[in-house]
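Visitor: I would like to learn how to read a structure like this one, feature by feature. Could you walk me through it?

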Amino acid sequence: MVIRAAQMADRDRLFDLLCQFAWSATPNREAFDVGFPAIMADNNTYLRVACDETGMVLGYSLAVLQWTLYANGQIILLQELMVAPEHRRRGIGMKLIAALTDDARRAGAKEITVATRRAKEYYPRFGFTEIAGYFKMKL
């Protein structure tokens with residue numbers, strides 16, 4: 001298995017995985033086709049994919065490097081972590097988080113944060129601690 005930066009050629013497979021990931025919003029292909037190139041061009045966004053030996057994308061992570069005042073520097077916000085259901089429990093998520101941790105350290109980030117309600121039991125095994133609730137306002 002290889003963890004690498006996403007490429008434009010991964011677009012269709014990533015949209016398929018996104019459709020399985022998103023529960024709070026319905027993925028829209030037109031919006032995805034606008035956002036995906038912007039994500040790919042953004043130096044503060046980390047979109048990584050996990051591929052098998054054939055090059056098939058099995059999962060992905062999407063994170064953003066952001067300045068904060070409270071953390072005395074930049075942090076990484078893990079926005080999405082998705083592994084295709086049929087490929088779970090094989091260490092793919094762990095490898096994606098390890099790659100993100102390496103990215104965060106290279107960027108000089110002070111911490112990695114993730115908001116989740118479906119995977120609260122998943123993240124502590126990697127050193128994450130629960131610190132707060134999560135709120136959003138739809139616009």
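Guide: Gladly. Let us begin with a term for packing: two residues are in contact when heavy atoms lie within 4.5 Å. Keep in mind that the model is a predicted one.

Visitor: Then how far can I trust it, and what is the average pLDDT of the protein?

Guide: The general idea is that where pLDDT is low, the predicted coordinates should not be read in detail. Here the protein averages a pLDDT of 92, and 99% of the residues score at least 70. Confidence is lowest in α1, with a mean of 92, and highest in β2, at 98.

Visitor: Now the helices. Which residues of α3 are buried?

Guide: Buried means under 20% relative accessible area. In α3 that applies to Ile-92, Gly-93, Leu-96, Ile-97, Ala-99, Leu-100, Asp-103 and Ala-104. These residues cover an arc of only 160 degrees around the axis, so they sit on the same side of α3. Arg-105 and Arg-106, on the other side of α3, are exposed.

Visitor: What do the buried residues of α3 pack against?

Guide: Their partners are strands: β1 (2–5), β2 (45–51), β3 (57–68), β4 (73–83) and β5 (112–114).

Visitor: How does the span of α3 compare with what its 16 residues should give?

Guide: At 1.5 Å a residue, helix α3 (residues 92–107) should span 22 Å, and its end C-alpha atoms are 23 Å apart, so the two agree. After α3 comes Gly-108, with a positive phi near 80 degrees.

Visitor: And which residues are buried in α1?

Guide: In α1 (residues 11–21), they are Arg-13, Leu-14, Phe-15, Leu-17, Leu-18 and Phe-21. Their cover includes α2 (29–41), along with β2, β3 and β4.

Visitor: Which residues other than glycine should I look at for positive phi?

Guide: One of them is Asn-72, with phi near 60 degrees, in the loop between β3 and β4. Asn-72 is exposed, with a relative accessible area of 65%. Arg-89, also not a glycine, has a positive phi of about 65 degrees. Arg-89 lies in the loop between β4 and α3 and counts as exposed, at 85% relative accessibility.

Visitor: Last, the cysteines. How many disulfides does the structure hold?

Guide: A disulfide needs two cysteine sulfur atoms within 2.5 Å. The structure holds zero disulfides. The sulfur of Cys-51 is 19 Å from the closest cysteine sulfur, in Cys-19, which is too far for a bond. Cys-51 counts as buried, at 3% relative accessibility, whereas Cys-19, at 38%, counts as partly exposed.

Technical notes
Residues numbered from 1 in each chain as written. Predicted model: local features only at pLDDT ≥ 70, side-chain atom pairs only at ≥ 80, totals over all residues. Heavy atoms only, no water. Helix = DSSP H or I, 4+ residues; strand = E, 2+ residues; numbered from the N terminus. Expected span 1.5 Å × (residues − 1). Buried < 20%, exposed > 50% of the residue type's maximum accessible area, 1.4 Å probe, protein only. Arc of directions from axis to C-beta. pLDDT = per-residue confidence, 0-100.
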